[in-house]
Amino acid sequence: MLNLILFGPPGAGKGTQAQRIIEKYGLIQLSTGDMLRSQIAQKTELGLKAQEIMAKGELVSDEIVVGMIKSIVHGDKSAKGYIFDGFPRTVKQAEALDNLLSEINEEISQLILLEVNDQELIARLLNRGKDSGRADDQDVSIIENRIKVFKEQTTPVMEHYKAKNKAVSVKGVGSLDEISELLYAVLDKL
Ligand code: B4P
């Protein structure tokens, strides 16, 4: 199986590029952000808890997101591989993911960081916020907090996979096609 972590700060293009990769390589996309937004839309107990946290640009608890991922990784026996988008966001989540995969005799094949500067991230998210309806995309101070949370709590995930020789970076600024080509070049080698 090809198990990929698409990694990067908010607005780096993870969700955007994940869509292209699943079409080309037939992987299953697991976006914890999308799963949480779906819980919010359905007004579930979990969604109501997550909504307040996400609106502030903070991270939802590790227990909640690991639980969501677990049911899918264990439930699909025919998958060619997974693309984890927006997960793991803490070292605790990364360790939980490694354990979940080892239970099905699998491991992470590669983490790819999309490198984008803060100014570009803020511009992209504000632009998406104009019609996405996402509260966390509409306020500069919330976007800045999401970037800060990424630097403080999520960057150590890259170190976790670097230590296993499984982390690379690609340029995340440019046209969508240019960035896809850089990602495909990494994936074709795996
Ligand atoms: P996510 O849903 O993961 O959202 P995101 O970080 O904003 O990235 P996304 O993938 O949606 O955007 P993309 O970069 O593709 O997380 C939202 C919140 O959920 C978090 O803040 C947190 O509260 C919670 N959460 C999610 N997962 C969690 C976890 N594991 N643990 C704890 N909490 C969790 O695209 C952004 C914009 O840029 C788009 O408009 C796109 O069109 C544009 N864009 C993309 N590529 C571009 C390019 N090359 N040039 C110009 N624009 C581009």
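Me: Where does Q93 sit, and why is Q93 called buried?
Reply: Q93 is in helix α5. Helices are DSSP runs of H or I with at least four residues, strands are runs of E with at least two, and both are numbered from the N terminus. Q93 has 3% relative accessibility. Buried means under 20% relative accessible area, exposed means over 50%, and partly exposed lies in between (1.4 Å probe, protein chains only). At 3%, Q93 is therefore buried.

Me: What kind of model is this, and how are its residues numbered?
Reply: It is a predicted model, in which local features need pLDDT of at least 70 and side-chain atom pairs count only at pLDDT 80 or more, while totals for chains, interfaces and linings use all residues. Residues are numbered from 1 along each chain as its sequence is written, and side-chain values use heavy atoms, leaving out hydrogens and water.

Me: What makes the pair of Q93 and D62 a polar contact?
Reply: Their side chains meet at 2.9 Å. A polar contact is a pair of N or O atoms within 3.5 Å; within protein, one must be able to donate a hydrogen and the other to accept it, and residues adjacent in sequence count only if both atoms are side-chain atoms. The pair of Q93 and D62, at 2.9 Å, is therefore a polar contact.

Me: Which residues does Q93 touch, leaving out those up to four places away in sequence?
Reply: They are V60, D62, V65, V66, F87 and P88. Contact means heavy atoms within 4.5 Å.

Me: How do you know that the buried residues of α3 share a side?
Reply: The buried residues in α3 (residues 45-55) are G47, A50 and M54. They cover an arc of only 70° around the axis, so they lie on the same side of α3. The arc is taken from the directions from the helix axis to the C-beta atoms.

Me: What does the other face of α3 carry, and what covers its buried residues?
Reply: The face turned away carries the exposed residues E45, K49 and E52. The cover of the buried residues includes α2 (32-41). Just after α3, G57 has a positive phi of about 85°.

Me: Why is K43 called exposed?
Reply: Its relative accessible area is 63%, so K43 is exposed. K43 lies in the loop between α2 and α3. Its phi is near 55°, a positive value in a residue other than glycine.

Me: Why is N105 called exposed?
Reply: N105 has a relative accessible area of 71%, so it is exposed. N105 is in the loop between α5 and β4 (110-115). N105 is not a glycine, but its phi is positive, about 55°.

Me: What makes F7 and F150 a tilted pair?
Reply: The structure holds four aromatic pairs. In this one the ring centres are 5.5 Å apart and the planes stand at 50°, so the pair is tilted. Rings of Phe, Tyr and Trp (its six-membered ring) pair if their centres lie within 6.5 Å; planes under 30 degrees apart count as stacked, over 60 as edge-to-face and the rest as tilted.

Me: Which parts does the pair of F7 and F150 tie together?
Reply: F7 lies in strand β1 (residues 2-7) and F150 in helix α7 (residues 140-162), so the pair ties together parts 143 residues apart in sequence. Both F7 and F150 are buried. Elsewhere, ring pairs link Y82, F84 and F87 into a cluster.

Me: Which residues come nearest to the ligand?
Reply: They are G13, T32, R37, E58 and R146, out of 30 residues around the ligand. A residue is near a molecule or strand if one of its heavy atoms lies within 4 Å of it.

Me: What lies 2.7 Å from an N or O atom in the side chain of T32?
Reply: It is a nitrogen atom of the ligand. The protein covers 87% of the 1000 Å² of accessible area that the ligand has on its own.

Me: Why does R146 count as buried?
Reply: R146 has 11% relative accessibility, so it counts as buried. R146 is found in helix α7. Its contacts beyond four places in sequence include P10, G57 and D137.

Me: Why is L190 called partly exposed?
Reply: L190 has a relative accessible area of 48%, so it is partly exposed. L190 lies in the segment after α8 (176-188). Leaving aside neighbours within four places in sequence, L190 is in contact with L2, S109 and Q110.

Note on methods:
Areas by Shrake-Rupley, 256 points an atom, 1.4 Å probe, with all protein chains shown as cover.
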